[in-house]
Amino acid sequence: MNLLKRWYYLACGSGKCKKSVTRKDGQLWCDTCNKPVSYPRSRFRLQVDVMDATAQTVIVMWEETASELRRSRRCLMSLMR
Ligand SMILES: [Zn+2]
């Protein structure tokens, strides 16, 4: 199991909106809320490369899942099966 990529993007922090923000007129803009984003949140995205004898699988985990997995290794193992 190799951790291939780890990156984050800025997401809208308004309410429950977690959409990625774009740049518009020099400020951060959320297309979903249709308003500028003053306090963006960073969301992490992990991409895990899982390889066994027969197949190669790429698992993409979002921040919430990843922190969940960190709490429970057993959960991670069940994902790998
Ligand atoms: Zn938004």
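## Overall organisation

What share of the contacts in the protein chain with a separation of 6 or more is accounted for by residues 24 or more positions apart? In this predicted model, such residues account for 33% of those contacts. The protein chain holds two helices and six strands, and from the N terminus on the elements follow the order β-β-β-β-β-β-α-α. Of the 81 residues in the protein chain, 6% are buried.

The pairing can be described strand by strand. Strand 2 and strand 3 are joined in the antiparallel sense over three bridges, and strand 3 and strand 4 pair in the antiparallel sense over two bridges. Across the sheet, Thr22 stands opposite Trp29 in strand 3, while Trp29 in turn stands opposite Pro36 in strand 4.

## Trp29 and its surroundings

Trp29 belongs to strand 3, which covers residues 27-30. Leaving aside residues up to four places away in sequence, Trp29 touches Val21, Thr22, Arg23, Lys24, Pro36 and Val37; among these contacts are Thr22, the residue that stands opposite Trp29 on one pairing, and Pro36, the residue that Trp29 faces in strand 4.

Is Trp29 buried, exposed or partly exposed? A residue needs 20 or more other C-beta atoms within 10 Å to be buried, and counts as exposed with 12 or fewer; Trp29 has 16 other C-beta atoms within 10 Å, and is therefore partly exposed. Trp29 can also be placed relative to Ala11, from which it is 18 residues apart in sequence and 9.7 Å apart in space, C-alpha to C-alpha.

## The two hairpins

The hairpin of strand 2 and strand 3 has two residues between the strands, and in this hairpin Asp25 takes a positive phi near 50°. Asp25 is found in the loop between strand 2 (22-24) and strand 3, and its phi is positive although Asp25 is not a glycine. Asp25 counts as exposed because it has 6 C-beta neighbours inside 10 Å.

Strand 3 and strand 4 form a hairpin with four residues between them, and in its turn Asn34 has a positive phi of about 60°. Asn34 is likewise a residue other than glycine with a positive phi value, and its place in the chain is the loop between strand 3 and strand 4 (35-36). With 7 C-beta neighbours inside 10 Å, Asn34 counts as exposed.

## Arg45 in strand 5

Strand 5 spans residues 41-51 and includes Arg45. Arg45 has 15 C-beta neighbours inside 10 Å, so it counts as partly exposed.

How far apart in space are Arg45 and Tyr8, C-alpha to C-alpha? Arg45 and Tyr8 are 5.6 Å apart in space, although 37 residues apart in sequence.

Notes:
Residues are numbered from 1 along each chain as its sequence is written. This is a predicted model: local features need pLDDT of at least 70, side-chain atom pairs count only at pLDDT 80 or more; totals for chains, interfaces and linings use all residues. Two residues are in contact if their C-beta atoms, placed from the backbone, lie within 7 Å. Two strands pair if DSSP finds at least two bridges between them.
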